[in-house]
Amino acid sequence: MQRRDWQKRLQQAGLRATPQRVLAAELVLARARHITPQQLHAELAARLPGVSLNTAYQILQQFEALGWVRRLALGARTWFDSNTTPHDHLVCTRCGRMEDLPPEQAQLSSVPQGWRITRVMRIAEGLCPRCLSR
Ligand SMILES: [Zn+2]
Ligand SMILES: [Zn+2]
């Protein structure tokens, strides 16, 4: 998508197409990725000096409210995933690298009586190849 397409998409969603939001949309939504508010802040600030971490976080929250990204949280860490279809994740406990876990049948062996499960989200913790080889 071109810059003006992102502008149009933001406007259609009722958001003002500020330079920060347009750039964030390009960075986060153009391909499936997992991004933290800190990462987005660093990428925005590299091209738009003066953008605050709070702005990066607010933009991600706005995208979440529109269903454009999905929030993943583990302990104090938060990622935003631009692949919003249900899937599981692997996270490296050392460097924080987050990857998709290939889909498998999400089978729950026992579900408490009276519950209906609509989505299973799992995050597997471990060490990534790069951290293991260090
Ligand atoms: Zn790692
Ligand atoms: Zn994911």
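Student: Which residues are buried in H4?

Tutor: Happy to start there! This is a predicted model, in which local features need pLDDT of at least 70, side-chain atom pairs count only at pLDDT 80 or more, and totals for chains, interfaces and linings use all residues. Residues are numbered from 1 along each chain as its sequence is written, while chains are lettered from A and ligands numbered from 1 in the order in which they are written. A residue is buried if 20 or more other C-beta atoms, placed from the backbone, lie within 10 Å of its own, exposed if 12 or fewer, and partly exposed in between. In H4, the buried ones are Thr55, Ala56, Ile59, Leu60 and Phe63. Helices are DSSP runs of H or I with at least four residues, and strands are E runs of at least two, numbered from the N terminus.

Student: Why do the buried residues line one face of H4?

Tutor: An α-helix has 3.6 residues a turn, so residues three or four places apart point the same way. Down the axis of H4, the buried residues fall within an arc of 135° (taken from the directions from the axis to the C-beta atoms), so they line one face. Turned away from that buried side are the exposed Asn54 and Ala65.

Student: What do the buried residues of H4 pack against?

Tutor: Their partners are helix H2 (19-29), helix H3 (37-47) and strand E3 (77-81). Contact here puts two C-beta atoms, placed from the backbone, within 7 Å.

Student: And what comes just after H4?

Tutor: Gly67, with a positive phi of about 80°.
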